[in-house]
Amino acid sequence: MSSYWENRFTNEGMIWGENPSNTVYHAIEIFKKNNVKQVFVPGSGYGRNTKALSSFFSVEGLEISQSAIDLAAQWDPKSTFIQGSVLDEALIQNKKYDAIFCFDVLHLFLEQDRAKLIQNCNNHLNASGIMYFTCFSDEDQHNEVGKKIEEGTYEYVVGKYAHFFTEEDLLSHFSQFKIKVIELGSTTEVLNYNDKQFKEYILRYIVVQKTDNELSSI
């Protein structure tokens, strides 16, 4: 996966243009209401979303592609970026954050690694911290396209696969944690590529808050 993204960012630069996802603005509203100060962004890319976040919060991004980080350092100098995999917890071993914004990363992994990603994020969340995740929806037109790898997961491009979440599936990914669900929904995302092309697709999102309750509220 690292070579795939390194090649894309090296050859295509700011692939999806300059404007952040609308989900970032939604996340900013929720984070402000919960007095968030520090935000962690796994899979931060070239800073398209971190730039909006860093206008309000202290932001740290983790990105596997060095080429993307080089772009991000220019585009969003307020944020700090670390090079490495979102599955490598050691990269942020002693750090805690008030909130985590994870945009369109969760669906890129197989089941075992999806669980590991969420676990890593939860481990680095302060008490009462917020996690905001977006992912591909099973209602998107690309669902079930390509070779089936796992239940709900398809190789829709050679060498690249994605998981498409039902609402129940997304909730189940967080069910083991001591959290409460703040919001759960879906939205249409529009990607504006730097070659003036655009693509619409359907996302699911989940917003959860860490709690000390023995049982989660899912």
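Colleague: Where does S128 sit?

Modeller: S128 is in strand β5, and that strand covers residues 125–136. The label comes from DSSP: strands are E runs of at least two residues, helices are H or I runs of at least four, and both are numbered from the N terminus. Bear in mind that this is a predicted model, where local features need pLDDT of at least 70, side-chain atom pairs count only at pLDDT 80 or more, and totals for chains, interfaces and linings use all residues. Residues are numbered from 1 along each chain as its sequence is written, and side-chain values use heavy atoms, leaving out hydrogens and water.

Colleague: What is the phi of N35, which is not a glycine?

Modeller: N35 has a positive phi of about 55°. N35 belongs to the loop between α2 and β1. With 60% relative accessibility, N35 is classed as exposed.

Colleague: Which order do the seven strands of the open sheet take?

Modeller: The order is β3-β2-β1-β4-β5-β10-β9, with mixed pairing. Each of β3 (80–83) and β9 has a single partner strand, so one side of each has no neighbour in the sheet and they stand at the edges. From one strand to the next, the twist averages 20°.

Colleague: How many bridges make β1 and β2 a parallel pair?

Modeller: Five, and strands pair if DSSP finds at least two bridges between them. Q38, for instance, has S58 in β2 as its bridge partner. Across β1, β4 (97–102), β5, β9 and β10 (198–210) lies helix α2 (residues 22–33), running at about 160° to β5. That angle is taken between N-to-C directions on a scale from 0 to 180 degrees, with axes fitted to C-alpha atoms, for helices over the stretch in contact.

Colleague: Which strands form the other open sheet, the one with three?

Modeller: β6-β7-β8, in that order and with antiparallel pairing. β6 (147–150) and β8 (160–163) are its edge strands, each pairing on one side only. Here the twist averages 40° from one strand to the next. β7 (residues 153–157) pairs with β8 over three bridges, and V157 has K160 as its bridge partner in β8.

Colleague: How many aromatic pairs are there?

Modeller: The count is 15. Why is the pair of F9 and Y46 edge-to-face? Its ring centres are 6.1 Å apart and its planes stand at 75°, so that name applies. F9 is in helix α1 (residues 2–12) and Y46 in the loop between β1 (38–42) and α3 (50–53), 37 residues apart. Both are buried, F9 with a relative accessible area of 4% and Y46 with 2%.

Colleague: What makes F133 and F174 edge-to-face?

Modeller: Their centres are 5.3 Å apart, with 75° between the planes. F133 lies in β5 and F174 in the loop between α6 (167–172) and β9 (179–192), so the pair ties together parts 41 residues apart in sequence. The cut-offs: rings of Phe, Tyr and Trp (its six-membered ring) pair with centres within 6.5 Å, and planes under 30 degrees apart are stacked, over 60 edge-to-face, the rest tilted. F133 and F174 are both buried.

Colleague: Which residue lies over the face of W75?

Modeller: K51, at 3.5 Å from the ring centre. A charge sits over a ring if NZ of Lys or CZ of Arg is within 6 Å of the centre and within 35 degrees of the ring normal. K199 lies over the face of Y201 at 5.6 Å.

Note on methods: Buried < 20%, exposed > 50% of the residue type's maximum accessible area, 1.4 Å probe, protein only. Contact = heavy atoms within 4.5 Å.
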